[in-house]
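I opened this model to take notes on its parts.

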Amino acid sequence: MKGTSMSANSNDNGRAFEFKCLLTLQERISEKRNAVIEKNSSYFAAQRAWESVTLATQEALSKSAYAAVEKIFELEPMILDENDTLTLLIQPDTRGEEGDVRDILIIRRTAHWEIGLSLKHNHFAVKHSRLAHSLDFGKSWFDVPCSEEYWQDVKPVFAMLAEAKEKKLKWSQLSNKAGDVYIPLLQAFIDEVKRSSEKDNNVPKKMVEYLLGKFDFYKVISLDKEKATEIHAFNLRGTLNRASTTQKARYILPRSTLPTRIAALEFKPKSKTTVELYMDGGWQFSFRIHNASELVEPSLKFDIKFVGTPAAIKIFKCVWD
């Protein structure tokens with residue numbers, strides 16, 4: 001859930017899923033060894049969310065959490081196959097802003113070992129980043145400050161939006177939102193990413209690190225309609241899937257390589273709101289721009305999703321019992 005922005009209802013469902021996964025982890029791990037939950041403010045927020053969702057939602061989330069935990073155990077023998085105390089906790093949302101997308105941490109402090117889970121409820125979003133009148137996305141995304149050309153390109157668009165905000169206009173009142181806002185901002189974004197990549201050949205790598213965070217993790221997605229849970233293993237640094245002193249993982253996760261070049265960055269065919277980024281190694285993302293509020297403001301959001309992932313990123317689909 002880190003780094004996302006959702007309606008109150010879906011936000012509650014997401015936090016409730018965190019809570020149930022945490023409790024299921026403790027319950028199942030405690031059958032083999034000592035596991036304690038660190039009860040911080042994020043824990044209590046997740047507990048309140050769990051108590052607020054319907055019984056039907058609780059039942060679905062319980063099945064999803066159980067399926068996820070059983071698969072994680074098969075991937076991570078370090079969780080069960082030792083005797084020291086294991087700590088479980090939910091991270092605060094602020095960690096997402098600092099480049100850590102993991103919602104739940106599973107920690108063995110004596111072994112200096114931890115893994116993390118990023119939890120999603122019925123959606124596959126990677127990140128929700130902004131473009132705004134004073135926001136230097138190049139600096140924050142891949143450490144190349146936006147060029148003067150970029151600021152000149154976006155200046156008239158954001159000036160027009162600032163004027164509309166002064167008039168308290170709604171986005172629905174703009175006569176040509178796509179032509180006046182979306183298309184020029186996306187074209188400026190495309191041009192700037194390409195310029196930055198020419199200046200610094202680490203831009204593709206840094207972009208993926210920005211989108212996926214600083215740590216390896218498992219993305220756990222509850223798909224209620226399918227009655228299944230998907231687990232995507234992002235083992236970019238080789239820290240996942242370690243063998244314990246006596247046991248290897250049931251499935252071996254290869255280490256994924258980060259991209260080195262941009263193959264294409266262009267508008268999605270027949271779309272005025274979405275651009276697609278194709279990089280070597282199978283890294284493919286879509287960036288859909290949208291207004292995140294009813295009233296006009298000089299700031300827009302990206303809904304960033306995967307179009308495709310490298311073959312080394314293994315996906316496990318766990319059907320609920």
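**Notebook: the sheet and its surroundings**

I looked up Leu-117 and found it opposite Tyr-218 in strand 6. I noted that this is a predicted model, where local features need pLDDT of at least 70, side-chain atom pairs count only at pLDDT 80 or more, and totals for chains, interfaces and linings use all residues. Residues are numbered from 1 along each chain as its sequence is written, and side-chain values use heavy atoms, with hydrogens and water left out.

I checked the terms for strands and helices. Both are DSSP runs numbered from the N terminus: helices are H or I with at least four residues, strands are E with at least two. Two strands pair if DSSP finds at least two bridges between them.

**Strand 4 and its partners**

Strand 4 covers residues 113–121, and strand 6 covers residues 217–223. I found the two running parallel, joined by five bridges. Ser-118 has Lys-219 of strand 6 as its bridge partner.

I then turned to strand 3, residues 104–108. It pairs with strand 4 in the antiparallel sense, over five bridges. Ile-106 has Ile-115 of strand 4 as its bridge partner. The hairpin of these strands has four residues between them, and there His-112 takes a positive phi near 50°.

How many residues of strand 4 are buried? I read eight of its nine. Buried means under 20% relative accessible area, exposed over 50%, and partly exposed in between, with a 1.4 Å probe and protein chains only.

**Strand 2**

I looked next at strand 2, residues 86–90. Five of its five residues are buried, so the strand is largely enclosed by the rest of the structure. In a regular strand the side chains alternate between the two faces of the sheet. I found Leu-86, Leu-88 and Ile-90 on one side of strand 2, with Thr-87 and Leu-89 on the other.

Strand 2 pairs with strand 1 in the parallel sense over three bridges. Val-36 stands opposite Thr-87 there. Toward strand 3 the run is antiparallel, with four bridges. Ile-90 is bridged to Ile-104 in strand 3.

I wrote down the order as 1-2-3-4-6-7-12: seven strands in an open sheet, with mixed pairing. Strand 1 (35–37) and strand 12 (315–319) stand at the edges, each with a single partner strand, so one side of each has no neighbour in the sheet.

**Gln-91**

Is Gln-91 buried or exposed? I found it buried, at 6% relative accessibility. Gln-91 sits in the loop between strand 2 and helix 4 (94–97). Its side chain makes a polar contact with the side chain of Asp-100, at 2.9 Å. A polar contact is a pair of N or O atoms within 3.5 Å; within protein, one must be able to donate a hydrogen and the other to accept it, and residues adjacent in sequence count only if both atoms are side-chain atoms. The backbone oxygen of Arg-102 lies 3.0 Å from a polar atom of the Gln-91 side chain.

**Met-160**

I ended in helix 6, residues 148–166, which holds Met-160. Met-160 is partly exposed, with a relative accessible area of 29%. Leaving out residues up to four places away in sequence, Met-160 touches Asp-180 and Val-181; contact means heavy atoms within 4.5 Å. I also looked up Ser-64, 96 residues from Met-160 along the chain, and found their C-alpha atoms separated by 46 Å.
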